[in-house]
Amino acid sequence: PWLDSIPPLPPRDLKAAVVPEGIELFWQQPGQALDGDGASSYVVYRFEGRRPRLVLDDPRFIVARCFGESSTRFLDKTADAKKKYVYVVTAVDRLQNESRETVVRMQ
């Protein structure tokens with residue numbers, strides 16, 4: 001009964017920047033959800049194109065899982081500078097409930 005299905009709040013202020021090593025994503029940690037749980041990790045998805053269909057239940061689009069409450073940065077070293085991407089980051093709590101998505105588009 002102590003296990004819940006309440007997802008954490010989504011990451012805040014997701015931003016992306018092109019850096020010499022690839023594309024760097026950074027975001028703000030969300031506040032606590034209604035059950036008092038915060039994010040214990042984050043899932044980073046990458047989709048190719050300007051307006052791709054965002055399919056979060058397909059693990060082929062996952063490029064990273066960042067652990068720890070302070071892991072609010074990810075460097076995508078596999079990104080191709082000539083391609084357009086849409087990145088999605090979700091928060092995951094200690095019970096593996098996943099938040100709604102936060103989206104950033106690379107122009």
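Q: Is Asp 37 buried or exposed?
A: Buried means under 20% relative accessible area, exposed means over 50%, and partly exposed lies in between (1.4 Å probe, protein chains only). Asp 37 has a relative accessible area of 11%, so Asp 37 is buried.

Q: What kind of model is this?
A: Residues are numbered from 1 along each chain as its sequence is written, and side-chain values use heavy atoms, with hydrogens and water left out. Local features need pLDDT of at least 70, side-chain atom pairs count only at pLDDT 80 or more, and totals for chains, interfaces and linings use all residues, as this is a predicted model.

Q: Which side chain makes a polar contact with the side chain of Asp 37?
A: Asp 37 sits in the loop between strand S2 (22–28) and strand S3 (41–48); a strand is a DSSP run of E with at least two residues, numbered from the N terminus. Beyond its neighbours within four places in sequence, Asp 37 is in contact (heavy atoms within 4.5 Å) with Asp 4, Gln 32, Asp 93 and Arg 94. A polar contact is a pair of N or O atoms within 3.5 Å; within protein, one must be able to donate a hydrogen and the other to accept it, and residues adjacent in sequence count only if both atoms are side-chain atoms. At 3.5 Å, the partner side chain is that of Arg 94.

Q: How many bridges join S1 to S2?
A: A hairpin links S1 to S2 through two residues. Across the pair, Ala 16 stands opposite Leu 25, and Lys 15 stands opposite Phe 26. S1 and S2 run antiparallel, and the number of bridges joining them is six.

Q: Which residue of S5 is the bridge partner of Ile 23?
A: S2 and S5 run antiparallel and are joined by four bridges. Phe 26 stands opposite Arg 73, a residue on the uncovered face of S5 (residues 73–76). The covered face of S5 has Phe 74 and Asp 76. The bridge partner of Ile 23 is Asp 76.

Q: How many residues apart in sequence are the parts tied together by Asp 76 and Arg 46?
A: A salt bridge is a side-chain nitrogen of Lys or Arg within 4 Å of a carboxyl oxygen of Asp or Glu. The side chains of Asp 76 and Arg 46 meet in one, at 2.8 Å from N to O. Asp 76 lies in strand S5 and Arg 46 in strand S3, so the parts tied together are apart in sequence by 30 residues.

Q: Where does Lys 83 lie?
A: Lys 83 is partly exposed, with a relative accessible area of 37%. Its side chain meets that of Glu 48 in a salt bridge (3.7 Å, N to O). Glu 48 lies in strand S3, so the pair ties together parts 35 residues apart in sequence, with Lys 83 in the loop between S5 and strand S6 (85–92).

Q: Is Arg 60 buried or exposed?
A: Asp 58 forms a salt bridge with Arg 60, the closest N and O atoms being 2.5 Å apart. Asp 58 counts as buried at 15% relative accessibility. Arg 60 has a relative accessible area of 69%, so Arg 60 is exposed.

Q: What is the relative accessibility of Val 92?
A: Val 92 is in strand S6. Val 92 counts as buried because its relative accessibility is 4%.

Methods. Pairing = 2+ DSSP bridges.
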